[in-house]
Amino acid sequence: MAENLEAILSQLTQPDNAVIQQATAQLKQAFKDPAIIPALCAVMSGSQNPQIRQSAAVMLRLRVKKHWKKISPEDRESLKAGVLQVLMQEPEHTVQHSLSQLCAVMVKHETPDRWPALLQLLNESTKSSNPHVRQVGLMLLDKVVESNPKAFEPHYSHLLQLFCTVLQDHNNPTSLYYCILTLTAMTAYTGTEEIKRMRSIVPSLIVALQHLIKADQNQASEAMEVLNELMESDVSIIVPHVAEIVCFCLEVGSDTTLTNSLRVKALSCIALLIKLKSKTVLKQKLLSPILLSIFPVLCAAPPPGEQDPEDEEDDSAAGTDNDNPKHCAAQIIDTMALHMPPEKLFQQLMPFIQTAITSENPYEKKGGLMCLAVLSEGCADHIRTKLLSSILQTVCQCLSDTNQVVRSASLFALGQFSEHLQPDVSKYCDELMPLLLGYLSSLNQGKVGHVTKAFYALENFMENLGANIEPYLPTLMGTMLSALNNSENLKIKELAVSSIGAIANAAKGLLVPYFTPVIESLKSFLTTTTEEMRSLQTQSLDTLSVLARTIGNNVFSPLAAECVQLGLNLTETIDDPDLRRCTYTLFSAVSTVSPDCLTPHLTAITTIMLLTLKSNEGITTHIEEDKTFVLLDDDDDDDDNDVVKDADHFLEDEPEADFHDVAGFSVGNAYIDEKEDACNALGEIAFSTGAAFQPFLESSFQQVYQMRGFPHEDVRRAAFGAMGQFCRAQHQMWKNNPTEANHQYLLTLLHVVLPCFVEAVRKEIERRVVMGILEIMNNVMKQCREEAFKNPAHLKDISNVIRDVLEKKTVCQGSGDDADDDQQAEYDAMLQEFAGEGIPIVASSVPADNFAPYLNHLLPLLIRKAKSTCTVADRSFSVGTIGEILQALVSVSGGQGVASKLSNRLLPVLVAGVRDSDPEVRNNSVFGLGCLAQATGPIGISDYPMMLSVFSNMLTRESDLRVIDNLCAALCRMIMSNVDAVPLEQVVPALVARLPLKEDLEENKTVFSCLAMLYTHSPALVVTLMKPIVAASSHVLGTKDINKETEHTLVMLMKEFGQHHSADFQAAVTSLPGEQQAKLSAAISAS
């Protein structure tokens, strides 16, 4: 059979399709013969043609991979012995490679302890004095360890001893290469003892990589992955060698004679190191050398006659970020911003930026602008409070530079500022909007690449303007509608459609006059089916979703049913992940406007979204070998019923079957986005449609729950968000239909979801995901209140995980490194703020005595952040959270007793806060003092004289309007809690003189409730102040500044004035401007 088989394999190499098809048919027939295994072995060892020997090895590998259990024990043993013998005799490297891959597949089934000959061969060959034999042995070692790393764990210590020797063999770069790849495969599975030995290997590893770079840059680029793997598996391995690694990576990343791929690997390694060990980088004074090396990379001019990818006019540069050293240099700055304290970073970085921006070299200017742009996310607070005006001035000046490269970079910077520096950047609306509109109108529409950048900056800026966009609406909408109707360029139309979405986010109901022409244009784009229109169609769906959420229910509701049908038609007729993603967003938006329109279609909608979550579509494998033979090993005997896989076995085996023998795999961004949006949409639709979604809740929950471990962080974050939304949806269903079944299902969901959140907060590696989990956990607790804590374990677990975050003990925070450092990255502070926001929510959901033991542990962590050495953001967060905790204690059983016990600890912190230099800290401290008076009730009277003295001093010198509003509210809380402890004749006139409230309008409820109470308690005093009270009332009645309850309180007070003090009341009303009189009369008449 072997001779016949060799002839068939030979025919497969012929350049004739008919011959290949005939040979394929013969081969399929041959595969049904049990003798196929020994025959392939014979060809693999005996053929004179290396290509045929390789083909036999590949086909054996495929056979072993799929049908190992069907191969007879005799053939298995024969194959195990034969492949090792052939490997050591094989002269051709390509065939050796295929043979070692065959061994790797066999190791999946025959672990090393059941294949002693393999271990013996590895032991002998890797220590051989013959370099060629040693190289083959190391290649085999790489393949088998990579295939089944766990099975080799007992041998790791021995292997690490071997690597110490191999890494010194600098004259044999291929051996170095395979040695490093094996080390990479092992790293994730090493134990404590191996980690110690691996630490000692790192210096030799760096030297070996340096030699490998000289010999083969492609192999070196692949081998560089070992550094990332070491850091991600156990960063403690590299900590003693951080300076050496940084020095090596900077050397490689800066060397323009090396390939981009290799330089990117080195620079990415530095970015990861900063992400994981930023404090070590700072402590070892490595920030300066890193900046010295990467700034020239960031500012480098492209080769003569070329442009940077992002500056090319066409879109061919899309997706080149990963192999571009300049983008990696910017990514390092971005990572620094996200993971280092801004004060320490800016101190060293600003001189580089200032030098670059004032340079005559356009690429140096561009580098400085790119640097400012990427800093804006991680250091937003620092820039907003200390640098915004000067930085905006610089960037706007660059917008009029003669060089388009500089102008493009300034547009990118403005877009980034608009995204991350809100609300402060919007205050420059009057300067920036005319500048951006003027710039856009001056452009040559033919230069679509640059026009795209101008649209990006304009869109990001105007999206956050709110009602301030109104003066610019006619110009903006004239420009956009003109582009939709007149431009021949589809990209320009797409940009205009996207901008209309941004305008709608700001303008909301102000856009109604333009709604009809916009919808007509969108409909024409959405009903087309041509491929070249796909991108425009996708953007139109996105903008339609924005309009659904912003334009107003009355305007959009008539279109809701049509939108749902349109989305369903598109998902049925067009197979495109971006388009599906946008239809999910549309369904989600429509559910908030007109949930009934979705109800008849929920079966179809949930089915397609759950299919998206289950799908492996978009996962691309990078096969190492020629795929010619993959088709030849069909499941020809799959119908044999000798093997029955149960579901668990299937789930366990399938990923191995999918991804074995691949050099790697990647998931297309569009498919990630589709899964993310499917999770988000399922959660929102469940909440919006209520009882109609109940039949789909369990299946949706189960599938979303599976996504919580998805490799991409955005999908994980969305999955946790959807799980929280399902809890909120079920709570709403139970409230609307309070059956025992609904209640039990809610408790079951909470029992699964809350512990899942807690575990993920502790173990998740990405901060953004943890922030998302904390946010949705807070929302679930806020809505479900005591139901979330029916299981007593939840109170303990949630309180403890909040404490872990505040103590920086979670994985994403580095598990407690430098927990006492007052200076930290802004994102680290934000993470703690998300955790801190949960404390008052818990406090308001359970009896105070139950929470008190946990609160006693949490409060010192909050108080520590109120120190003067902490950042403004930390101080504000600390006193603000303390205030909200006290406010929560007002309304729970036992709250007064707990608040009174805490008073002595909290009063000094809050009093110190009212003297802070920052108005937000003062504001939050004043709020906290008012809540302390309210929470302690009569027990807190002894503190009143001191608090009144503090407030009296503040009232005379405070200039910040929000702080003054909160002073008024704090005084009102004191009066309502202990009216007899306040000198009303002095306090109330001073309070009323500062009405109406100017900024913190939520406190209108507190102030007017207090005035109504005072009228009952001390009517004579209130009547003497009737004129300013009526004037203040006229400003808020009939407006959105007060809620319905406060409006009712105020109207009743005005009626009391009118009935019992008509002359004074009429005099007070008459003294008002006509418009105010009319508003007051209308409000009183309407009640």
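Here's a quick tour of a helix pair, a lysine and an annotated domain in this structure. Keep in mind that you're looking at a predicted model. We'll start with helices α43 and α44, which pack at an angle of about 160 degrees.

**The α43–α44 pair**
- Two packed helices are described by the angle between their axes and the distance between the axes.
- Here, α43 covers residues 872–890 and α44 covers residues 895–913, and their axes sit 10 Å apart.
- Angles over 145 degrees count as roughly antiparallel, and with an angle of about 160 degrees, α43 and α44 are therefore roughly antiparallel to each other.
- If you're wondering about handedness, the crossing of α43 and α44 is left-handed.

**Who touches whom**
- On the α43 side, the residues in contact are Val879, Ile882, Leu886 and Leu889.
- They meet a set of residues in α44, including Gly895, Gln896, Leu902, Leu906 and Val909.
- Sort the α43–α44 contact by class and you get 10 nonpolar residues, 2 polar ones and no charged ones.

**A lysine elsewhere in the chain**
- Lys277 is part of helix α15, which spans residues 260–283.
- Buried means under 20% relative accessible area, so Lys277, at 13%, counts as buried.
- Lys277 and Val909 are 632 residues apart along the chain, and their C-alpha atoms are separated by 33 Å.

**The annotated domain**
- An unreviewed UniProt entry places the feature "domain: Importin N-terminal" at residues 23–89.
- In the model, residues 23–89 are 81% helix and 0% strand.

Definitions and conventions:
Residues numbered from 1 in each chain as written. Predicted model: local features only at pLDDT ≥ 70, side-chain atom pairs only at ≥ 80, totals over all residues. Heavy atoms only, no water. Axes fitted to C-alpha atoms, helices over the stretch in contact; angles between N-to-C directions. Helix = DSSP H or I, 4+ residues; strand = E, 2+ residues; numbered from the N terminus. Parallel < 35°, antiparallel > 145°, perpendicular 65-115°, else oblique. Left-handed = near helix turned anticlockwise from the far one by under 90°. Contact = heavy atoms within 4.5 Å. Nonpolar A, V, L, I, M, F, W, Y, C, P; charged D, E, K, R; others polar. Buried < 20%, exposed > 50% of the residue type's maximum accessible area, 1.4 Å probe, protein only. UniProt positions renumbered as here; feature names shortened; annotations may be inferred.
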